[in-house]
Amino acid sequence: MGTTIFAEMSAMAVATKSVNLGQGFPDTDGPASIARAAADAVLEGRGNQYPPGPGVPELRRAIAAHQQRFYGLDVNPDTEVLVTAGATEAIAAALLALTEPGDEVIAFEPYYDSYAACIALAGAVRVPVTLRPPGFRPDLDALRAAITPRTRLILLNTPHNPTGAVFSRAELTAIADLAVEHDLLVITDEVYEHMVFDGEHVPIVTLPGMAGRTVTISSAGKTFAFTGWKIGWVTGSAELVTAVRTVKQFLTFVSGGPFQYAVAEGLALPDSYYAQLNGDLRARRDLLCDGLAEAGFAVYRPAGTYFVTTDISALGETDGIAFCRSLPERAGVVAIPAAVFYDDAKAGESLVRFAFCKKPEVLEEALTRLRRGLA
Ligand SMILES: Cc1ncc(COP(=O)(O)O)c(C=O)c1O
């Protein structure tokens, strides 16, 4: 449903000349120096033929260096890193590699739409634990209650799309303790790791007992604003990474050779790059959140990601799907109903997600239209 609604909303955005705050991709490309590095790699013949299965050594070393620099983690670039076709392939390969048909996979809903699809592809059974407004905090009692003898793994996402929740160290420690107690694996999707505005990003793999049971996933798409390049990666123990690579080999084998060299340069950018990315997005978060509140939405200001979830009940509306279908005509703005990210659609019925990875003037225009259209 998620993918269908994205297609429907994007088509509507074009047809109605709406400002599209639906799908989460930046409207400005990442650093010119990194784009240049990709072009140079193509022209110099680096990566134009099949790169090595695990990824080019330059990128694997850069990923390991990034894990050391930001989280103090020792990662072996030769055995504990795998480059993938975006985080999306990493999620698919990890689920296919690490579950057997009938295994239960616990995931916090609302979830990124590939999770349900990939759990189904693996023949596994998804077991949702619901995040609820206003804080969208993980309910640890509900998590504990969801664990059964068939539970194989917990699929985590922090910072969390679509809610913008950033799981705290205490919450992650409690989740890690449960994983250790029940001998579960954790697949953790951390693609928004550099977009945390309040609090800190804690990779669960850094917590006690998690090193051998965690598959950590990230991606260049968000951090460097090149979502079309589809360069992602997996880090974890050699055993887990080998298992994921064995599946990845038959999904794509390899991808994006020249882009891999460019992303290696991106990961080595100075701290100032990461600080600016964060500062720019924080300002856009505040611009959009303040404006949406003024336009009458209840706003759940996100601690991370580039999405904000709102509640339209405050506008006298109840059905987010109907609201989002009417919004392009009413106001010339596209947003996504959060119900499509829930199994329990009722839980997300009145929630609507907006993306703020757009130029400030685009956000301003959207807000002007919303104020006018909803008045
Ligand atoms: C939580 C989450 N995981 C993964 C992805 C996909 O990442 P990639 O483009 O690297 O496949 C997205 C993109 O929106 C996302 O929001």
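Mentor: Helices (H or I, at least four residues) and strands (E, at least two) are DSSP runs, numbered from the N terminus. With that in hand, serine 18 is placed in the loop between α1 (2–15) and β1 (19–20). Before we go on, this is a predicted model, in which local features need pLDDT of at least 70, side-chain atom pairs count only at pLDDT 80 or more, and totals for chains, interfaces and linings use all residues. Residues are numbered from 1 along each chain as its sequence is written, and side-chain values use heavy atoms, with hydrogens and water left out.

Trainee: Is serine 18 buried or exposed?

Mentor: Buried means under 20% relative accessible area, exposed over 50%, and partly exposed in between (1.4 Å probe, protein chains only). Serine 18 has 13% relative accessibility, so it counts as buried.

Trainee: Which residues is serine 18 in contact with, leaving aside neighbours within four places in sequence?

Mentor: Contact means heavy atoms within 4.5 Å. By that rule serine 18 meets Ala13, Pro328, Gly332, Val333, Val334 and Arg369.

Trainee: And where is the place of alanine 347?

Mentor: Look in the loop between β12 (336–337) and β13 (351–355). Alanine 347 counts as partly exposed because its relative accessibility is 21%. Residues up to four places away aside, alanine 347 touches Thr130, Arg132 and Tyr342. The C-alpha atom of alanine 347 is also 8.9 Å from that of proline 110, although 237 residues separate the two along the chain.

Trainee: Let's step back. How many helices and strands does the protein have?

Mentor: The protein has 13 helices and 13 strands. Of its 375 residues, 57% count as buried. For contacts between residues at least 6 apart in sequence, 74% link residues at least 24 apart.

Trainee: What does the radius of gyration say?

Mentor: It is taken over C-alpha atoms, and the globule rule is 2.2 Å times the number of residues to the power 0.38. For 375 residues a compact globule would come out near 21 Å, and the protein has 20 Å, which agrees. Along the principal axes, the C-alpha atoms fill a box of roughly 60 × 55 × 35 Å.

Trainee: Now strands. What joins β2 to β8?

Mentor: Two strands pair if DSSP finds at least two bridges between them. Strand β2 runs antiparallel to strand β8 (residues 231–235), with five bridges joining them. Threonine 84 stands opposite glycine 232 in β8. Strand β2 (residues 81–85) is largely enclosed by the rest of the structure, because five of its five residues are buried.

Trainee: In what order do the strands of the open sheet come?

Mentor: The four strands follow the order β9-β10-β13-β12, with antiparallel pairing. Strands β9 (298–300) and β12 stand at the edges with a single partner strand each, so one side of each has no neighbour in the sheet. Three bridges pair β9 with β10 (residues 307–311) in the antiparallel sense, and tyrosine 300 stands opposite threonine 309 in β10.

Trainee: To finish, how many residues of helix α10 are buried?

Mentor: Nine of the eleven residues in α10 (residues 257–267) are buried, leaving the helix mostly covered. Among them are Gly257, Tyr261, Val263 and Leu267. The cover over the buried residues of α10 includes α2 (32–43), α3 (57–71), β2, α8 (220–223), β8 and α11 (271–294).
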